[in-house]
Amino acid sequence: MPFRLPGRTSPLLALFLTLLCAPVAAETRSELTLEAILGSPDLSGPRLRAPRLDPTGSRVTFLRGRPEDRDLLDLWEYHRGLGVTRRLIAADDVLPGPVDLSPEERARRERERIADLRGIVDYLWGPDGRRILFPLGGDLYLADVSEEPVTVRPLTAGEDFDRDPKLSPDGRRVAFVRDQDLWVVDVESGETEALTRDGEGTVSNGVAEFIAQEEMGRSTGYWWSPDSRRIAFLQVDTAPVPATRRYEIDAEEIRIVEQRYPFAGGPNVKIRLGVIEVESGEIRWVDLGGDDVYVPRVEWTSDPDALSFQVQSRDQRRLELVLQRLGDGCAPDCRRVLVTETSETWINLHDDLHFLDGEAAFVWSSERSGHRHLYLFGLDGKLIRPLTAGDWSVGQLSAVDEAL
């Protein structure tokens, strides 16, 4: 069951209930045909996707397919003050016509099970609640929703395919992956700059490798620091993995795709974790504690000089949560293992890590008791107290009310 620490009802949940309870059209009856079952629109109608509460709490935005084409997604909103649901941005108003995806983007969408979707498939709110960032057709766009009508302008443009964009916490820059390197673009001036320059051949920066995407639920390979000064990123070298071929069979053609697929028992990719200073471009490489390991999660603490990451053994029976301090004067305690989980079978990964703001503590979930429960740890690695217990399991950590 989902677990939420005590506190008031989530505003997002309240808005979801409003959406779910909205009046629906009267039921109409028609003949059920094979075309209706397999075609578009879906029998259940358009689905609400990627619902997000804007930073001001005034609206919920979401992606929704069209009645006549469920796979073409537009950006919609439910506005609390106006009490209306409306389409904010139509994908084909921004970029008419078909879009050619890069091979990397096609592969990413396949692994996220959204390969059939078109239009606006992802978006991010800016920290001030005025802007929305979204990728479309290999370029990045910024929408200003603070005034009517909503305006949309391109942030990047060109032949290169820009993907996985993220706004910096201060809203001044957008980071993204272009080709095999990590880039940033200034939101106001539009100036772009490559932060890494060695992405070529089998080396990529800021991306999630195959196993991370397919088996570990991680689709990105970089993370902004809370003060927007640094970006933690993973560098992946697939050279150790032998190349193989797979066949993509469509109605019109058969495509042969060459890829480096990590077969069970074979070599894995080489991974390095780096932290780059955005202004200077200086990179500091972090000790992972081993070579043949996985890095399933990376997360900044509320302290911009402290980065956490998780290291999992190749057999997935050991998981360490590591805290890496980046500021001056941390020696000899710059790297500290906060939590170690072990299992005779395998360790289940989770997204329940939550660092308390301004406190030297964090919430962590573990199956060490035989059931998944939540625990409060200090940044010294010592257990403060269990938060849940019993003959039942926590499904996920939904929210934390730090005031309690």
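Phe-210, Tyr-261 and Phe-263 form one aromatic cluster. The structure is a predicted model, in which local features need pLDDT of at least 70 and side-chain atom pairs count only at pLDDT 80 or more, while totals for chains, interfaces and linings use all residues. Residues are numbered from 1 along each chain as its sequence is written, and side-chain values use heavy atoms, with hydrogens and water left out.

Across the whole structure, a search finds six aromatic pairs. Rings of Phe, Tyr and Trp (its six-membered ring) pair if their centres lie within 6.5 Å; planes under 30 degrees apart are stacked, those over 60 edge-to-face and the rest tilted. One of the pairs is Phe-134 with Tyr-141, which is stacked because the planes lie at 15°, with the centres 5.7 Å apart. Phe-134 is buried, at 0% relative accessibility, and Tyr-141 is buried at 8%; buried means under 20% relative accessible area, exposed over 50% and partly exposed in between (1.4 Å probe, protein chains only). The rings of Phe-355 and Phe-362 are tilted, with planes at 45° and centres 5.6 Å apart. Both Phe-355 and Phe-362 are buried.

Charged groups also sit over rings, where NZ of Lys or CZ of Arg is within 6 Å of the ring centre and within 35 degrees of the ring normal.

| Charged residue | Ring | Distance to ring centre |
|---|---|---|
| Lys-166 | Tyr-222 | 3.7 Å |
| Arg-178 | Trp-183 | 4.6 Å |

Gln-310 is buried, with 4% relative accessibility. Beyond its neighbours within four places in sequence, Gln-310 has contacts (heavy atoms within 4.5 Å) that include Tyr-294, Arg-297, Glu-320 and Trp-364.
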